[in-house]
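Hi there,

Here's the structure I promised to pass on. Have a look at it first, and then read my notes on the salt bridges below.

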Amino acid sequence: MDLGLKGKTVLITAGSKGIGQSIAEAFAEEGCNVAICSRSKENLEATSADIKKKYNVEPFWCICDLNNGKDIENTYNLVKKQFGKIDILVNNCGGPAPGMFSELSEQDWQSAFEQILLSIIRFCNLAIPDMIIKEWGRIINITSVSVKQPIENLMLSNSLRSGVIGFAKSLSNEVAKYNITVNNIAPGYTLTNRLYELAVLRSKNENQSHEEYLAEMAKHIPMNRLGRPEEIAAAVVFLSSCRAGYITGNTIQVDGGWVKGLY
Ligand code: NAD
């Protein structure tokens, strides 16, 4: 299937590691102009070099703290200067701090709000006017299965990611007439380095090996295994494609069946 993505420009935020990196690789494979941003120069340089080696496409990168409005504006302008346009915006971010309501400070809420929801609003504020002029655009937000089934001890994610879903649905209705689609991907448990490191850390406290800890996690998933970052990336690429032009305002789980509800 020709996805019609060759030559499109895509910006992936928090794109230097994990799911973001896999998404960048998948777009490079499709022949897109790829731009990534995150906070770490070392990670950005390493990921960019890695993608160039694998796909012969050198991603443009710049440093951006998603909690910082000036960084976001600077990133958007630099990518636009580099490629002349941004067709596809993939809003990924770092995971917010875990914790129950009673453990979280107002600062925790403020920081999670800025990174999870406000960064998306800020990037959309910059991208939408340009997409309207071109009458074409794709916006994909990476959220979590917590928007369908809240996860214990993740109060910030459970609360603020649902705000992303509400924002995306409202925005999708507003911009559909310009051929701009807005959708969300909700990953389930996906084996990125971060999850692996978390398993190594937590398994020590629970007196088991990290392999046992990860296998235990997989038992709650009908597919009986964790997701792979490239499986999230495949869904993002499809939603960004010309073939997905009539899909908008949706939230699609890529979770091996983890969410037990109907909607
Ligand atoms: P990861 O930790 O491997 O990667 C996160 C990326 O975000 C990194 O590139 C990091 O540098 C960047 N980042 C963090 N804070 C930032 C900031 N303030 N500004 C700019 N960049 C920042 O995480 P991942 O496993 O790839 O997950 C990506 C997203 O998907 C996260 O929001 C995570 O909560 C969510 N998610 C992950 C899973 C999973 O199982 N891996 C499941 C559901 C949801």
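The count of salt bridges comes to nine. Keep in mind that this is a predicted model. As background, side chains of opposite charge can pair when their charged atoms come close. Here are some of the pairs I looked at.

Let's start inside a helix. D50 and K54 form a salt bridge, with their closest N and O atoms 3.7 Å apart. Both sit in helix α2 (residues 41-55), and they are four residues apart, which is about one turn of the helix. D50 is partly exposed, with a relative accessible area of 28%, and K54 is also partly exposed, at 48%.

Is D87 buried or exposed? D87 counts as buried because its relative accessibility is 4%, under the 20% cut-off. K134, at 33%, counts as partly exposed.

Then there's K219, which forms a salt bridge with E216, the closest N and O atoms being 3.4 Å apart. K219 counts as exposed because its relative accessibility is 59%, over the 50% cut-off. E216 is partly exposed, at 37%.

One last thing: which residues do shared partners join into one network? They are E25, D50 and K54, so go back to helix α2 and find D50 and K54 there.

Cheers

Conventions:
Residues numbered from 1 in each chain as written. Predicted model: local features only at pLDDT ≥ 70, side-chain atom pairs only at ≥ 80, totals over all residues. Heavy atoms only, no water. Salt bridge = Lys/Arg side-chain N within 4 Å of Asp/Glu carboxyl O. Helix = DSSP H or I, 4+ residues; strand = E, 2+ residues; numbered from the N terminus. Buried < 20%, exposed > 50% of the residue type's maximum accessible area, 1.4 Å probe, protein only.
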